[in-house]
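Student: I've got a model open and I'd like to talk through its charged pairs and its chain contacts. Can we go at it question by question?

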Amino acid sequence: MPQHSVLERLEILADAAKYDASCASSGTVKRSSKGGKGIGSTEGMGICHAYAPDGRCISLLKILLTNHCVFDCHYCINRKSANTRRARFTPQEVVDLTLSFYRRNYIEGLFLSSGIVKSSSHTMEQLIEVARILREEHDFRGYIHLKTIPEADPELVGRAGLYADRVSINVELPTVAGLTRLAPDKSAPQIEGAMGQLKEAIVEARDARKRFRHAPKFAPAGQSTQMIVGADAATDADIVDRASTLYDRFGLRRVYYSAFSPIPDASAVLPLKRPPLMREHRLYQSDWLMRFYGYAPHEVQEAADSNGMLPLDIDPKLAWALRFRGDFPVDVNRAPREKLLRVPGLGVKAVNAIVTARRQRRLRLADVARLTVSLAKVRPFIVTEDWRPVMLTDRADLRSLVAPAARSQQLELFG
Amino acid sequence: MKPVCDTRLAQTFHVSLDRPDDFEGWRDAARGMIRAGVLPDRIVWETPADQRMDLFAQVSRHSPPPLPDAPPPRTSRNFLQLAQSVILHSDSERFSLLYRVLWRLQSHSRLMEDRADADVRLMEDLARQVRRDIHKMRAFVRFRCVENEDGEHYVAWFEPEHHILRANGGFFVRRFAAMRWSILTPRASLHWDGDTLHEGPPASRADAPSGDPVEALWRGYYAAIFNPSRLKVGAMLKEMPRRYWKNLPEAALIPELIAGAQAREAQMVQAGAQETGERPQSLEAIGAAILACRRCAIGCNGTRAVMGEGPETSALMIVGEQPGDIEEREGRPFLGPAGQVLRAHLERAGIPIGQTYVTNAVKHFKFENRGKQRLHHNPAAREIDTCRWWLDSERALVRPRLVLALGASAARGLLGRTVSVQQVRGAAHRLDDGSELWITTHPSYLLRLDGEGREAEEARFSDDLHKIASRLSELSKPAAGSHA
């Protein structure tokens, strides 16, 4: 096999890693290299050091150790049967790349994943070795996210958490049927079993640290997962349901949704047409509704249409409000916080500002205007000192008044 | 009552601050002014950066004396916190705004909680812009490494929008404590020697190194991590506005990445192109369509596609691998030596071939030329997956209760994954449409063996077929009953 240069291999292995949506570098413990030892820091909030033209943040060096793989998952560019260029890095090469990028302030740390070579446990050992060299030999205090291989020895998964800030296992597809069809070598019970183990280890370590200050930290930024949207028949309602179960069962920090996108040398089993990127966006919005706005999963599902799909032209919060108009208008001067959070166009920050400001005086429409982006969107749903929507809330054509003006339809390239 | 002609109402006071981000200086002066009762519009604030002279004002550079019995100035923690960010803003009106809010706080102590108030809102907006600039500096500073006699020195050129350099120094110290680094900006510079942080004079771009070999790797990474199928230029510009691009080594690639993206996606889809339209509505239509199929390399090798054959109502469908030399010439499946073996075994097991639909996982013949012979070549997984669309179409029309896959290629065409035939043979597997799948070896495998090995395998093959025969009669019984 011809040996590629570091640049060529970096290109191959970054290209192979880009279908993992997560690039978060936030939510871990505070660390710094003050005192002159080691390198790096983490301060809670992650930093996006660059943005690619796909609008995604580049925070971490996100690569695979190798894109050789013994698995044959149809949606994956690295599957065994794909005709793609293969490459591998040694753990030391990944360490050197990470450090030279970090010193130049290109990245917050490393997100390392890998195709499965030899065996799952062998691959996992290699991933851990990279993290170990970084942490132990270079005293690296930046962020490390390790992808965990569910089929690997549980003892190895435990070691990964000692070096990494975040660990993740992808559930890959929202339904078990989808997984069986598209990822024939993977098994849903095994993936969930491994996620359960990670959860236990994280909770245990957190408990131990409450009692013993020097107990080792275990994945202080928690675990996350990713599912691919639009490669199987799952509806938005199915996905919302699955995500909320995952949050509950495994205490996940994040569920990432990745709209299936055409890959080079695609397997013939895949749908050829990608789902609209807006669908992915709407799922993230529904995720936010559950995590920050106090919506129960079934309430988010109520925003979906009869086929279980969220509308693409308006956000799920607005869709919910249009469906349950009886709950509106909401009086910004009187309503409890939970009610205000349901007003389309009012974000968490705006609601907090309203709640503090109204202790001072009664708010008028102009006051609300200063706190929101679009008054037109908010107006039909609120009552202020000087404003009452009267019939507006009940008008049949309300949707067209508050929905964003239909932009010229995004050109469907392959429609 | 104070006399109306109090000089404080007419006089304008000038306050000179040492630096544009001199919060302590502003706070001390503001305290004095409040205690002296100086109205907000009577103070002109100055820094070395923005020298302004109000020529027509009556200027006093002396601090006015405090009013007799003036209470100590009141403030709030919220205000002080926000003010420390606001003071870093480049807006020259920031000092007046802060003084005006401080003035109002004297009579309205909870003003800061009224976040809908125009002044408070303005303070919050300015503070937000400053915080964003601080954050963007942490993100977009790019060090370039130079080697000199003392070792490595990392130098960056950056152009912040606001006066944030000093406030941001701590972040870089905490992160790069063991490195020697300098950040140069048009207004000032910071130098860290591994021990102390020094401030230096304004710098120019020419003072910073012009390149770094690692940037080639970084650019390569940036281009490779970009997914051309999901172009979202607006989202990128929102977080990485153009004004930062000139100091980002990777940004030079953006125009060509965007230009190439649509072409790249189109190419990917083209390469994997598959008609996703309606499935053919009859076996004849499939037979006609596969003749023109060029979706994979085998389809393009000039051979004739071989359609399956048998009654459309068959309860059993047998799937082989691909047509061979004889089948391709005759245009019918299972005529060659392996086909003969299969037919003989079916007869012995009591499975009437006339009531069975036989077809292949791959419709074209893949071969290698060896002299005059066309030597059979296994289809690749990808080719089987591509051809699966046709096999699925046949299954949708024939709707067999039982499918028998001969060999690993046929199994893949039905399951979508590669299985070990020896492990999965002899038991039923359920397919998506509810039918049963049985898997056994391909008869050509038997032909390649001889002696005892062949006898043993023939026996197992025959055994599998007998099981299928009895399963087939079981399956047809209840169905027959329900029809009666």
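Student: How far apart are the closest N and O atoms of Glu136(A) and Arg132(A)?
Tutor: Keep in mind that this is a predicted model. Glu136(A) and Arg132(A) sit four residues apart in helix H3 of chain A, so about one helical turn separates them. They form a salt bridge, and the closest N and O atoms are 3.2 Å apart.

Student: Which residues are linked with Glu136(A) in a network of salt bridges?
Tutor: Glu136(A) itself is partly exposed, at 49% relative accessible area. Its partner Arg132(A) belongs to the network too, and the other members are Glu129(A) and Glu137(A).

Student: Over in chain B, what parts does the pair Arg104(B) and Asp119(B) tie together?
Tutor: Their side chains meet in a salt bridge at 3.1 Å, N to O. Arg104(B) is partly exposed at 27%, whereas Asp119(B) counts as buried at 12%. Arg104(B) lies in one helix and Asp119(B) in another, 15 residues apart in sequence, so the pair ties together H4 and H5 of chain B.

Student: How many salt bridges does the rule find across the interface of chain B and chain A?
Tutor: One that pairs the two chains joins Asp114(B) to Arg361(A), with the closest N and O atoms 2.4 Å apart. Across the interface of chain B and chain A, the number is seven.

Student: Which helix gives the most to the side of chain B that touches chain A?
Tutor: There are 29 residue pairs in polar contact between the chains, both residues at pLDDT 80 or more. Several helices of chain B each supply at least two residues to that side, including H5, H6 and H9. With ten residues, the top contributor is H7(B).

Student: And what area is buried between chain B and chain A?
Tutor: On the contact count, 74 residues of chain B meet 77 residues of chain A. In chain B, Arg175(B), Tyr221(B) and Arg230(B) lose the most area to chain A, together 13% of what that side buries. Carbon and sulfur atoms give 58% of the total, which is about 6600 Å².

How values were computed:
Residues are numbered from 1 along each chain as its sequence is written. Chains are lettered from A and ligands numbered from 1 in the order in which they are written. This is a predicted model: local features need pLDDT of at least 70, side-chain atom pairs count only at pLDDT 80 or more; totals for chains, interfaces and linings use all residues. Side-chain values use heavy atoms; hydrogens and water are left out. Contact means heavy atoms within 4.5 Å. Buried area is the accessible area (1.4 Å probe) that two parts lose on being put together, summed over both. A salt bridge is a side-chain nitrogen of Lys or Arg within 4 Å of a carboxyl oxygen of Asp or Glu. A polar contact is a pair of N or O atoms within 3.5 Å; within protein, one must be able to donate a hydrogen and the other to accept it, and residues adjacent in sequence count only if both atoms are side-chain atoms. Buried means under 20% relative accessible area, exposed over 50%, partly exposed in between (1.4 Å probe, protein chains only).
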